[in-house]
Amino acid sequence: MVNPSLLIGLPLAFAFSIPLFGLISKKIEKYIPIIALFINMVISFMLIPQILKKPIVVSIGGWSPPFCINLVVGPLGILLATLISGIGFLVSIYAVSYIKEEPTEKYHILFLLLMVGAIGIVLTGDIFNLFVFFEILCISSYALVAYYKDKEGTEAAMKYLIQGSVGSSFILIGVALLYGFFGTLNMADIASRITSANPTYLFITLAFLITGFGIEAAIFPLNAWLPDAHSSAPSSISAILSGIAIKTGVYGVARMVYTIFNANSILLFIAFLGLLTLLIGEMCAFRQDDIKRLLAYSSIGQIGLIIFALGIATSLGVFASLFQIVSHALAKALLFLAAGYMIYRVGSKSIASLNGLGKKMPLTSFAFTIGSFSLIGLPPFAGFVSKLSIVYAAMQVKKPVFLAFIAIALIATIIEAGYFFKIVQNLYFKEGKNLDKITESSGYILIPIAILAILIIVIGVHPQFITGLLKASARELLERAGYIGWVLGGT
Amino acid sequence: MSLIYNWMYYIASGGLILIGMYIILVKTNLIKIIIGLNFIDTGVNILLVCIGYVKGRTAPIFSTSRINPTNVVDPVPQALVLTAIVIGVAVLALALSIAIKVYEHNKTLNVTKIRGLKW
C-alpha cells in the first residue's frame, strides 16, 4: 500500500531540491516539477481503487486520531488530488518552454509549493493544518502572479495579497473560535460535537469561515481580485489559478458547510450567492476585450455555477457540482494554455488581435474551440454532461425557487455562449493583420493542450469513467456520519 | 469594570482586528494598508492565545516536578500562534517587496492613483 502522505511530501521535497539540481546543471531544474507531479499522479491513480473500497486515514506521530494531525483520504480528497496533480503535471510540461524569463528555478519552486498547498488542503483532516496549507497555496500564488515583476503583475499581486490575507485572517479567526468552543482541531471530532454548541456562535464562526474561503473561491462580493490576478499572471499560472486554486476555496466552503457545520439552513442562501456570482461573472465577461480578462471573468461565472449546484444539496446536485469542478478545471486550463500561447505569438492580449489565427495555428485554435464549446456545454464535450446534470438536479428538487434559479442560470449560459462563439468566429472567419510570421506552437506546448482536449472529449463521451468516483465523493460530503466514522472509528 | 477585567484580552484582540480592518478600508497609502494587515494578524494571534489562557495558571513547561497538567494553560493555541506568526512574517515580507516593485512602476504608493487595471 502506498502511503497517501507521499502525495504531499514528494512535491515538497522536490520543490526544495530544485536549487540542488540547479547546481549540477541549470537545464534539468525545469524537468523536476514534471517528474514530481507525474509520480504524484501515478500514486493518486493507484490509490483510487483502494479508497473506493475503504478510505485511508493517516495519523501522523503515532497518536490516535482526535489527538494527532491526520490526513483523511476519502473519495473527495483523492478525486481532487488526482485532478490537481494531473493538471499540474500538464501545466508543468507547458512551462518547460513557456517560462523563459529568469529566475526560472524560483518559478518552479513556487509552482511545486502551490501544488503542495492545493493537495494538502484537499487531503488534510485537521482544520489548522487546512489553514497552513491554504497559506502555502496563497503565498506562492501571490508571488507567482507578480513573477514577471511588470506594472500589471505587481499591481494585481498587491490586490490579491491584501484581499487574500484578510481572507486568511478570517479563516484563522474561525479556527480560533472553533477551538474555543470544542477544544479540538480535528475536523471529524468538531463535526461529531457540533450540535453541543450555541447556534448563534456557530453562525458567526461559519460566517467567518465562508467569507475567508469565499475570497479564495471568488464568490460574488469577494471577487474583485480575480480578474486582475488571473489576467496579469503568466498564462501557465493563470491556468493553475483558474483550474485549481479557486476550486480549493470551493472545497473549503463545501467541507465547512456540509461536513463540519451540517448547515442545511443556509444552503439556499449559498445557491443564491452562486447564482449571483454566475450572472455577474458572465455579464462582466461579455464586455471584455482582453482575452485573459474574459477567461478570468468566465471563471467567476463557472465558480458561481459550481456553488449554485452545491447549494442544491441533493446527492445529484453535489454530484453535478463536483462534475462541473472537473470539467471546468480541464476546459479552463486548456483555454488559458491555448490563449497564452496565442498571445505569446501575436504579442497582444486584445481579442481583435486573434482574428484569423485559425489558419495560422490550426491545432491550438482547434483546442481552444473544444475548450470553449465544453464550457458553454455543447455535446459531446465534458461540460455538456456536467451542465445537464446540474439542470436535472435543480429540476428534481421540485421547489419553484429552484426552477426560477435554473432559468436564470440558463440565461447566463446563453450570455456565455455569446462571447465564446464571438471569439471562435473571429478565430476562423475573420481576416487578421500581420499574421505572416506566425507559426504553429512547438511540441512542449501542444502536448498538454492536446491531452486536455482529448480528456474533455473522452469524459464527454464516456462520463462513466469518473461517475463512480464522483458519486462516492458526493456521498462523502452528504453523509457526515460516514466521514466521522472513518476518522474516529465506530459506526 | 469586572466586564472589562474579565474580557480584557478578547476586547483587545477584537479591537486590533477592527482597527486593522478600518486601516485597510480607509487609508490610501499602500504601506499603511500593509500595516493594517499586520494589525489583523496580531489581533488574531492574541485571540488564539487568550482562548487557551486560564487565569492564574502557568506556562506548560514541565521542567520542575511541582507542575502538573491541572495548573498549566492550554499549550495548543500557543503552538498555533507560533505557526501563525511565521506565516504572518512571510506575508508581510512578500507584501513589502511587492510594494517596492509597485512603487518603482508607478512612482506613488497612493492606491487611488494606481489604476493600471480597471474593472
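Are A:Glu476 and A:Arg255 buried or exposed? This note on a predicted model starts with that pair and then moves to other features.

1. **A buried pair in chain A.** Both A:Glu476 and A:Arg255 are buried. They form a salt bridge, with their closest N and O atoms 2.7 Å apart. The pair links distant parts of the chain. A:Glu476 belongs to helix 19 (residues 464–478) of chain A, while A:Arg255 belongs to helix 10 (residues 235–260) of chain A. The two residues are 221 residues apart.

2. A:Glu416 pairs with A:Lys387, and the closest N and O atoms are 2.8 Å apart. A:Glu416 is buried, because its relative accessibility is 1%. A:Lys387 has a relative accessibility of 10%, so this residue is buried as well.

3. **A pair within one helix of chain B.** B:Lys101 and B:Glu104 form a salt bridge, the closest N and O atoms being 3.5 Å apart. They are three residues apart in helix 4 (residues 76–106) of chain B, so about one helical turn separates them. B:Lys101 has a relative accessible area of 26%, so this lysine is partly exposed. B:Glu104 is partly exposed too, at 43% relative accessibility.

4. **A network, and the total.** Salt bridges with shared partners join A:Lys26, A:Glu29 and A:Glu105 into one network. Over all chains, the structure holds nine salt bridges. Side chains of opposite charge can pair when their charged atoms come close.

5. **A nonpolar patch on the surface.** Which residues form the nonpolar patch? They are A:Leu20, A:Leu23, A:Ile24, A:Ile28, A:Tyr31, A:Ile35, A:Ile39 and A:Tyr444. Together they have about 760 Å² of accessible area. Helix 1 (6–24) and helix 2 (32–53) of chain A each supply at least two residues of the patch. The largest share, three residues, comes from helix 1 of chain A. A:Leu23 is placed in that helix 1 of chain A. With a relative accessible area of 71%, over the 50% cut-off, A:Leu23 counts as exposed.

6. **Packing of helices 2 and 3.** Two packed helices are described by the angle between their axes and the distance between the axes. In chain A, the axes of helix 2 and helix 3 (residues 75–98) come within 8 Å. These axes cross at roughly 155°. Angles over 145 degrees count as roughly antiparallel, so helix 2 and helix 3 of chain A are roughly antiparallel to each other. Helix 2 of chain A passes helix 3 of chain A in a left-handed crossing.

7. **Backbone points to check.** Most residues other than glycine have a negative phi, and most peptide bonds are trans. A:Lys149 is not a glycine, yet has a positive phi of about 55°. The residue lies in the loop between helix 5 (127–145) and helix 6 (151–182) of chain A. A:Lys149 is partly exposed, with a relative accessible area of 38%. A:Ala313 also is not a glycine and has a positive phi of about 70°. The loop between helix 12 (291–312) and helix 13 (315–346) of chain A holds A:Ala313. At 26% relative accessibility, A:Ala313 is partly exposed.

8. **A cis peptide bond.** A:Pro379 and A:Pro380 are joined by a cis peptide bond, with omega about 5°. A:Pro380 is in the loop between helix 15 (362–376) and helix 16 (382–396) of chain A.

Notes:
Residues are numbered from 1 along each chain as its sequence is written. Chains are lettered from A and ligands numbered from 1 in the order in which they are written. This is a predicted model: local features need pLDDT of at least 70, side-chain atom pairs count only at pLDDT 80 or more; totals for chains, interfaces and linings use all residues. Side-chain values use heavy atoms; hydrogens and water are left out. Patches are made of residues with over 30% relative accessible area and no salt bridge: like charges are joined within 9 Å, nonpolar side chains (Val, Leu, Ile, Met, Phe, Trp, Tyr) within 5 Å. Accessible areas come from the Shrake-Rupley method with a 1.4 Å probe; for residues, only the protein chains shown count as cover. A salt bridge is a side-chain nitrogen of Lys or Arg within 4 Å of a carboxyl oxygen of Asp or Glu. Helices (H or I, at least four residues) and strands (E, at least two) are DSSP runs, numbered from the N terminus. Buried means under 20% relative accessible area, exposed over 50%, partly exposed in between (1.4 Å probe, protein chains only). Axes are lines fitted to C-alpha atoms, for helices over the stretch in contact, and angles run from 0 to 180 degrees between N-to-C directions. Angles under 35 degrees count as roughly parallel, over 145 as roughly antiparallel, 65 to 115 as roughly perpendicular and the rest as oblique. A crossing is left-handed if the near helix is turned anticlockwise from the far one by less than a right angle, and right-handed if clockwise.
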